[in-house]
Amino acid sequence: QAFLPLKHDSLVYGSADAGKTVLNSNPDLSAAMAEAAQRLNLCKHVVGENREELWSAADIEGHVGLDGRFYVLDLQRSFPPEAPHDTPHLDDIIADGSTVTVSRFDAVTGKREFLSGFINRGYPDGQKYDILFPNGHIARRVPAELVKDNRASVFWRLL
C-alpha cells in the first residue's frame, strides 16, 4: 500500500479498522462495486454499527487515489474458502487457458490414463472443450465429463 497514491483520508468504501467504522461515501465506487458484485452473484448487505450497505465484505478498503482512480484493497474475504468437491454446482466453470486433467482410456493397454493440458477453447454449451497438450497436440471436442479443472477454488477461477 505504501506505493499507491493514497492519503490517510482517501478511504471512501469499507473499513480500515476491522469494521468499527464503515464507509460508503462515493457513489461512483459504490456503483462499480455493485456491478462487480452482481457479476459474482454477491448480495448487498448491512454492516457495521452505522448500518452501512455494502456489496462486499466490510473490511475491504476502497480508496480514491491522488490520481482520481479507485483502489480496492484487502480482498481476502471476498470469497469463502471452499473445496472443489463441495461445490458441484460450479463444476462447469472452466475458463479458456485453465490447466486441466483429461481422462483417457487406452484400448491397447486396457488402462485409464490421465493427461495434463490446457483449455484451448470451450464450446458455448459447456459440454465440450478443445484441449491443448504440452506436446502441441490439440484434442477437439473432448466431453466435459472427461475434463477435470485443476484449480482449487472458485476465487481463482473468477480472476
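**Figure 1. Overall view of the predicted chain.** The chain exposes about 10400 Å², and carbon and sulfur atoms supply 55% of this area. The model shown is a predicted one. Of the 159 residues in the chain, 35% are buried. Two helices and eleven strands make up the secondary structure. Along the sequence, these elements follow the pattern β-β-α-β-β-β-β-β-β-β-β-β-α. Among contacts between residues at least 6 apart in sequence, 43% join residues at least 24 apart.

**Figure 2. The open sheet of five strands.** Five strands are arranged in the order β10-β9-β8-β7-β11 and form an open sheet with antiparallel pairing. The edge strands are β10, covering residues 138-143, and β11, covering residues 147-149; each of them pairs on one side only. From one strand to the next, the twist averages 45 degrees. In general, the strands of a sheet pair through backbone hydrogen bonds, in either a parallel or an antiparallel manner.

**Figure 3. Close-up of strands β9 and β10.** Strand β9 comprises residues 128-132 and runs antiparallel to β10, to which four bridges join it. Within this pairing, Ile 131 stands opposite Ala 139 in β10. A salt bridge is also found between Asp 130 and Arg 140, with the closest N and O atoms 3.2 Å apart. This pair links distant parts of the chain, Asp 130 lying in strand β9 and Arg 140 in strand β10, ten residues apart. Which of these residues is buried, Asp 130, or Arg 140? Asp 130 counts as buried because its relative accessibility is 2%, under the limit of 20%. Arg 140 counts as exposed because its relative accessibility is 55%, over the limit of 50%.

**Figure 4. The salt bridge between Glu 113 and Arg 104.** In total, the chain has five salt bridges. One of them brings together the side chains of Glu 113 and Arg 104, with a distance of 2.7 Å from N to O. Glu 113 is partly exposed, its relative accessible area being 27%. Arg 104 is likewise partly exposed, with a relative accessible area of 38%.

**Figure 5. The salt bridge between Asp 9 and Lys 7.** The side chains of Asp 9 and Lys 7 meet in a salt bridge, at 3.9 Å from N to O.

Figure 6. Is Ser 10 buried or exposed? With a relative accessible area of 6%, Ser 10 is buried. Which residues are in contact with Ser 10, leaving aside its neighbours within four places in sequence? They are Gly 62, His 63 and Val 64. With His 63, the contact includes a polar one: the side chains of Ser 10 and His 63 make a polar contact at 2.8 Å.

Conventions:
Residues are numbered from 1 along each chain as its sequence is written. This is a predicted model: local features need pLDDT of at least 70, side-chain atom pairs count only at pLDDT 80 or more; totals for chains, interfaces and linings use all residues. Side-chain values use heavy atoms; hydrogens and water are left out. Buried means under 20% relative accessible area, exposed over 50%, partly exposed in between (1.4 Å probe, protein chains only). Contact means heavy atoms within 4.5 Å. Accessible areas come from the Shrake-Rupley method with a 1.4 Å probe; for residues, only the protein chains shown count as cover. Two strands pair if DSSP finds at least two bridges between them. Axes are lines fitted to C-alpha atoms, for helices over the stretch in contact, and angles run from 0 to 180 degrees between N-to-C directions. A salt bridge is a side-chain nitrogen of Lys or Arg within 4 Å of a carboxyl oxygen of Asp or Glu. A polar contact is a pair of N or O atoms within 3.5 Å; within protein, one must be able to donate a hydrogen and the other to accept it, and residues adjacent in sequence count only if both atoms are side-chain atoms.
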